[in-house]
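Please read it with the sequence and the structure open beside you.

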Amino acid sequence: EAGYFMRNGEFLTELSLRTLGYEALDRILEWVLGSLVVAPVLAATLGVVTWLTATVLVKAKRKQGET
């Protein structure tokens, strides 16, 4: 959807066998473009969540060791 939107200025609303199956080769560029946008955003988000979780766990372990 992101790649289709970047190329056409609108979302692909027709999801059928024709658009996903028969036109798959035509959609490869759109899939690549979309992945170049979506993948870094998801990776950064999950990286921040992982870092925050690890920070909270380390602080909890340190606090538990002090008592």
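1. Leaving aside neighbours within four places in sequence, Glu30 is in contact (heavy atoms within 4.5 Å) with Gly3, Tyr4, Arg7 and Asn8. Glu30 itself lies in helix H3, which covers residues 24-66, and Glu30 is buried, with a relative accessible area of 7%; buried means under 20% relative accessible area, with a 1.4 Å probe and protein chains only.

2. On the basis of these values, please keep in mind that this is a predicted model, in which local features need pLDDT of at least 70 and side-chain atom pairs count only at pLDDT 80 or more, whereas totals for chains, interfaces and linings use all residues. Residues are numbered from 1 along each chain as its sequence is written, and side-chain values use heavy atoms, with hydrogens and water left out.

3. The chain holds three helices and zero strands, in the order α-α-α from the N terminus, where helices are DSSP runs of H or I with at least four residues and strands are runs of E with at least two.

4. As to overall shape, the C-alpha trace spans about 65 × 20 × 20 Å along its principal axes.

5. Of the 67 residues in the chain, 12% are buried.

Conventions: Buried means under 20% relative accessible area, exposed over 50%, partly exposed in between (1.4 Å probe, protein chains only).
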